[in-house]
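Student: Could you walk me through this structure, one question at a time?

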Amino acid sequence: MEQPIHRALGLTDDELEMIEEILGREPNYVELAMYSVMWSEHCSYKSSRLHLRRLPSKGEKVLVGPGENAGVIDAGDGIAVAIRMESHNHPSAIEPYQGAATGVGGILRDIFTMGARPIALLDSLRMGEASDPRNRYIYNGVVAGISGYGNAVGVPTVGGEIVFDATYDSNPLVNVAAVGILPVDKLVLARAEGVGNQVILLGSPTGRDGIGGVSVLASAGFGAEVDSSKRPSVQVGDPYEEKRLIEACLELLDAKLVVGIQDLGGAGLSCASSETAANAGLGMDVHVEKVPRREANMEPFEVMTSESQERMLAIVTPENTPAVLAIAAKWEIPAAIVGVVTEPVTFRGQDGVGILRIFDAGELVAEVPAKSLADGAPVYDRPRAKPEGFEARAEQDPTDACRGVDISVELVKMVFDPKEIYSQYDHQLFLNTVVGPGANATLLRLSSPEVGYSKKGIGLSADGNSRWCALDPRRGSELVVAESALNVALVGAVPTCMVDCLNFGNPEHPEVMWELSESIDGIAKASIELGVPVVGGNVSLYNEARGRNIEPTPVLTTLGLVDEVNAVPPARRYRSGDSLVLVGTTESNLAGSRLAWVNLGLRSGSLPKLDYGVHQKLIDAVVELVRAAAGFSVSAISDVSDGGLALCLLEMARTSAMGFELDGIGDDPVVELFSESPSRVVVASSEPDRVIGHFAKAGLPARVIGRVNGSKVASFGAGSTVAL
Amino acid sequence: MPPTVGVVVFPGTNCEHDVVHALGLLGMRAQIKWHGDSELSDCDAVVLPGGFAHGDYLRPGAIARFSKVMSSIVKMAEAGKPVLGICNGFQVLTEAKLLPGALQKNAGLRFICDVEKLEVASNRSVASALLQPGEIISLPINHFEGNYTCDHVTYDMLVANDQIVFKYVDNPNGSVGSIAAISNPRGNVVGMMPHPERAVEELVGGTDGRKVLSSFIEAVLNG
């Protein structure tokens, strides 16, 4: 027997009952389709919303927090910065090129919807092991998709990260962050204000691509086989259309011709119409026959749920409508008046209810309270359970078992040059990139045609670490936040806010829900301690393939502010003769480290401790040092993290094509070199005493551990060397 | 009116603001010109900046060459005014037959964004007059279709007429003769794949692009 329609659409029996309760009748097929996409996990956050409330989102510089298309902070001098991060994991697993490309397109629309010009993209990629052909296909497709779309749409990709790990086999993580800037007074929100205002659909004609993308694809896991039948649920992107849409929308917003504007992303027209109406507390009539189509004979439900890319919904007064249509025509953007904003009405005895009505050639085909679609999804407190054996595993310290390894052999396995990726992305456009990809963090000047050329800058860093979070989702997440905040400090930026992508497995598994809840608590704790509010983000659940959930992977992008960018800060390129100074204390603990976890498969122990007081002092001292780098004769600086001190130093050596000799490593070299305990940096300087003195003032231990020489060998002491 | 450089924008162009900024830093007035307007009579020179004009549909530059503005650009080129095509602008100039040859996909079939060393092959052009032949400069490149190609007859003609302006030191894209930039025989029309506007400030990209753009500006001023 075939399953009932609501279940085929991804709605549960209880959810159907809730819809019947709201409407006082059975929903018709169009209504069911709309509820199914709007109440999907992807759109409604029904499993995570309860927990997301615990993330602190307020701060002195926060102008717009979560819930809008993007978070916005005040950078001073009348400049606002919009930032947003989103995942496009499931589409990228099915169709890597288009999945990644449309991930870029979608996040850019979130930025320019706010009135901001997108100036930067960062992409955080997590791929299955490269030895598997399917993973290589995904990896190549994703990188090509980001390159193909990002370059052509004209927004530089200035940073990101790449991780290969078996936990992402067949279920890659493609997390993209976008940043935009705008004059503060040009900020726009997604609201359908003003009864009688016109609803104008701008951009690509609507096709059948991406129908049910959020419900069929993004809110369910993958089985043993990758399911090609889901491929029509992946959208297809056109960067040229998006580029023109960006320019047209910025021109519309600059001329203040629109009352409100919203992009069409997941759940398409259902989402944009119901959200703009619900945000204003009003209703909306939409006439689907007026929606420009690229395919014949589309049903109303298809028009309402299509995720065709490069579309925007603008709310415009009747007087301004001709001017809006003229700007659209200039940029060769199709535009159609598809509806009108309506008065709230009395609905089932309740006053002031905004109703979304869908008409097809005059025939009413759907009639639902806009708010019930946009905000009415159930909030689930799904069962949570700590994984069995969690404590026992924490007690098995892997450190002893690591001590005998060959340092050089293990280190070489960790090397990967991300240049093969970022050289495929335009990272120079707009003349803002002071420090580009491949460094600890990105440093951008804050400039655009709209705000002019300012001295201000932003630091950006995207970070995640599934090993730490798998071992302990709460403390692992704290460590990730701490690392990300320190990274932006390394380019002289004061950590100011962050956005997150929470990538987890199937929330119907209690262990996964526990991981999610713990991780959120960890992020919240670190956010408060380090004063970095979470201004937006997204949650990607059902990351499971071949019957296995991915390891919990919260990924953050931290944004820091720089008042004045006067010089290129030191990165990883040191000079011959410089001393290498290690700042911070190394804990004798390899739990969760790359050496123990990946190289040796020792997946247990308790993560190194994080002292927020020390970490904050380090961040402050690093910012101060970097801003006065020339005064301290500092040539290079890097944090010690993934791969420990050994990988940190080897990356410096490879970047500089120049070796070094360590002599300050104690009698426990494997632990010293591979520990990933937090709150540590390496500084290369020709005046090490001044650097040590600077950190001593902040109460932070620092010591010389070696010296850069002219050789082509990285020498770690005790006979461990790596040829460059 | 002070001398003015027109910076042409097609839908899909994305380097126009960078070019205006760079020329401005060097003291030259620059104005953005929409491709659908045919008039360039208030401009003393023109730059076709980088990007993806008309989405690079069909081939880069293949649609742009039919834009209204192109007739004015052809007139300026024939009148000996400075015309500079950067990256996508170079592709447009070859499609419009203002420069010989064509730009095909990079030899590695990948997009490349990097900084490349260039050797000045000729200083007889509006983009290189202030440089010395043999001088090495570093400029950013950013393209998928930057692999310059032409037939033997054309190549011999380019060499004979001293039309090769810049050559890559380490050919990154497979270009014939490592060609990074060429001019017309008169030297007033130059197409180059590297981006001089991305190298005018110490803070971003270095300053080697200044010499290229200053050469161009001097040609404008000496009109």
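The questions below go through the two chains, their contact and a few single residues.

Student: Before we start, what kind of model is this, and how is it numbered?

Tutor: Residues are numbered from 1 along each chain as its sequence is written, and chains are lettered from A and ligands numbered from 1 in the order in which they are written. Local features need pLDDT of at least 70, side-chain atom pairs count only at pLDDT 80 or more, totals for chains, interfaces and linings use all residues, and the model is predicted.

Student: Does the radius of gyration of chain A agree or disagree with that of a compact globule?

Tutor: The radius of gyration is taken over C-alpha atoms, and the globule rule is 2.2 Å times the number of residues to the power 0.38. For 724 residues a compact globule would come near 27 Å. Chain A has 26 Å, so the two agree.

Student: What share of chain A is buried?

Tutor: A residue is buried if 20 or more other C-beta atoms lie within 10 Å of its own, exposed if 12 or fewer, and partly exposed in between, with C-beta atoms placed from the backbone. Chain A has 26 helices and 30 strands, where helices (H or I, at least four residues) and strands (E, at least two) are DSSP runs numbered from the N terminus. Of its 724 residues, the buried share is 62%.

Student: And how many helices and strands does chain B have?

Tutor: Chain B has 223 residues, of which 60% are buried. Its C-alpha atoms fill a box of roughly 40 × 35 × 35 Å along the principal axes. The count for chain B is 5 helices and 11 strands.

Student: Which elements of chain B give two or more residues to the side that touches chain A?

Tutor: Two residues are in contact if their C-beta atoms, placed from the backbone, lie within 7 Å. The contact takes 26 residues from chain A and 21 residues from chain B. On the chain B side, the elements that give two or more residues are α1 (16-25), β6 (112-120) and β7 (136-143) of chain B.

Student: Which strands are at the edges of the six-stranded open sheet in chain A?

Tutor: Two strands pair if DSSP finds at least two bridges between them. In this open sheet of 6 strands, the order is β1-β2-β3-β6-β4-β5 of chain A and the pairing is mixed. Those that pair on one side only are β1 (62-64) and β5 (157-164) of chain A.

Student: What angle does helix α8 of chain A make with β4(A)?

Tutor: Axes are lines fitted to C-alpha atoms, for helices over the stretch in contact, and angles run from 0 to 180 degrees between N-to-C directions. Helix α8 (residues 133-153) of chain A packs on the sheet and touches β4 (117-127), β5 and β6 (173-183) of chain A. Its direction makes with that of β4(A) an angle of about 175°.

Student: Which residue is the bridge partner of B:V9 in β2(B)?

Tutor: Strands β1 (residues 4-9) and β2 (residues 29-34) of chain B pair in the parallel sense over 6 bridges. In β2(B), the partner of B:V9 is B:W34.

Student: Where does B:C87 lie, and is it buried or exposed?

Tutor: Most residues other than glycine have a negative phi. B:C87 is not a glycine, yet has a positive phi of about 60°. It lies in the loop between β4 (83-86) and α3 (88-95) of chain B. With 29 C-beta neighbours inside 10 Å, B:C87 counts as buried.

Student: Where is A:S679 found?

Tutor: A:S679 also is not a glycine and has a positive phi of about 60°. A:S679 is buried because 28 other C-beta atoms are within 10 Å. Its place is the loop between α25 (669-674) and β27 (681-685) of chain A.

Student: Which residue stands opposite A:Q262 in β10(A)?

Tutor: Both faces of strand β8 (residues 260-263) of chain A are covered, with A:G260 and A:Q262 buried on one side and A:I261 and A:D263 on the other. β8(A) pairs with β10 (residues 311-316) of chain A in the antiparallel sense over 4 bridges. Opposite A:Q262 stands A:L313.

Student: What separates the C-alpha atoms of A:W597 and A:R467?

Tutor: A:W597 is in helix α22 (residues 594-599) of chain A and is buried, with 24 other C-beta atoms within 10 Å. Leaving aside neighbours within four places in sequence, its contacts are A:R467, A:G592, A:L602 and A:R603. A:R467 is 130 residues away along the chain, and the C-alpha separation is 7.1 Å.
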